[in-house]
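Colleague: I am new to this model. Please take one part and walk me through it closely.

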Amino acid sequence: MPAWEEKGMKIGETIPLMRFLGKRYGFYSANPKQAWVIDAELNFVYEMWSTFIGISSPGPSNNTPENREKWCAAIEKIACRYSEKFTKTPSKFIAGDRLTLPDFWMAVMVWSHWRNEGHHLGPDMCKVSDSVLSKPEHKKFCEYIDRLHAALKTQLESRPAAPM
């Protein structure tokens with residue numbers, strides 16, 4: 001479980017911890033409507049992430065045809081949602097034109113699971129992920145992934161591929 005400790009205070013629970021740090025470092029919003037958008041998108045991305053965690057748990061039994069189907073279905077659901085969102089409401093990132101909490105969680109999914117050559121399920125999972133993302137209807141989502149990569153380039157390029 002993620003935890004943050006400072007000055008004798010301990011904070012746990014992933015989403016509340018993200019909110020705490022997001023408010024502190026400017027990746028959240030004081031505007032109630034915008035905060036709601038950030039929270040709603042964070043909830044969706046976090047829920048979808050749980051699919052990959054379930055499949056990504058170490059063990060050779062997880063690299064099955066059924067799990068590959070679940071993996072692809074989850075990517076498809078995410079890509080459809082955000083391709084539609086970026087088509088209807090053009091913005092640079094998920095909740096507007098600046099990085100917010102759901103973008104960071106999306107980065108965890110993309111670069112820890114979908115595009116992680118060192119993933120213990122094998123580098124072919126990158127090909128499986130890319131086969132879903134290569135569909136023309138996911139163009140807007142892939143453009144977002146490119147923008148996200150550009151925004152986080154320094155951090156992503158300094159991180160070696162590693163098993164989950």
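Modeller: Start where helix α2 meets helix α4. From α2 come I38, E41, L42, V45, Y46, M48, W49, F52, I53 and S56. Facing them in α4 are L101, P102, W105, M106, V108, M109, H113 and W114. By class, this contact holds 15 nonpolar residues, two polar and one charged. Keep in mind that the model is predicted.

Now the geometry of that pair. Helix α2 covers residues 32–56, and helix α4 covers residues 101–114. Their axes lie 8 Å apart, and the packing angle is about 20°. Angles under 35 degrees count as roughly parallel, so α2 is roughly parallel to α4. The crossing of α2 past α4 is left-handed.

Stay on α4, and turn to helix α6, residues 139–151. Here the axes come within 11 Å and cross at roughly 95°. That angle falls in the range of 65 to 115 degrees, so α4 and α6 are roughly perpendicular to each other. On the α4 side, the contact uses D103, M106, A107, V110, W111 and W114. On the α6 side, it uses F141, Y144, I145, L148 and H149. Nine residues of this contact are nonpolar, one is polar and one is charged.

Next, the largest pocket. It holds about 180 Å³ of space. Its lining is made of F104, A107, V108, S112, L152, Q155, L156 and R159. Two helices, α4 and α7 (153–157), each supply at least two of the lining residues. The largest share, four residues, comes from α4. Five lining residues are nonpolar, two are polar and one is charged.

Methods. Residues are numbered from 1 along each chain as its sequence is written. This is a predicted model: local features need pLDDT of at least 70, side-chain atom pairs count only at pLDDT 80 or more; totals for chains, interfaces and linings use all residues. Side-chain values use heavy atoms; hydrogens and water are left out. Axes are lines fitted to C-alpha atoms, for helices over the stretch in contact, and angles run from 0 to 180 degrees between N-to-C directions. Angles under 35 degrees count as roughly parallel, over 145 as roughly antiparallel, 65 to 115 as roughly perpendicular and the rest as oblique. A crossing is left-handed if the near helix is turned anticlockwise from the far one by less than a right angle, and right-handed if clockwise. Contact means heavy atoms within 4.5 Å. Ala, Val, Leu, Ile, Met, Phe, Trp, Tyr, Cys and Pro count as nonpolar, Asp, Glu, Lys and Arg as charged, and the others, Gly among them, as polar. On a 1 Å grid over the protein atoms alone, a cavity is a set of points where a 1.4 Å probe fits but cannot get out, and a pocket is an open set with protein on both sides within 12 Å along at least five of seven lines; lining residues have an atom within 4 Å of a point. Grid points are joined across faces, edges and corners, and a volume is the space filled by probe spheres set on the points.
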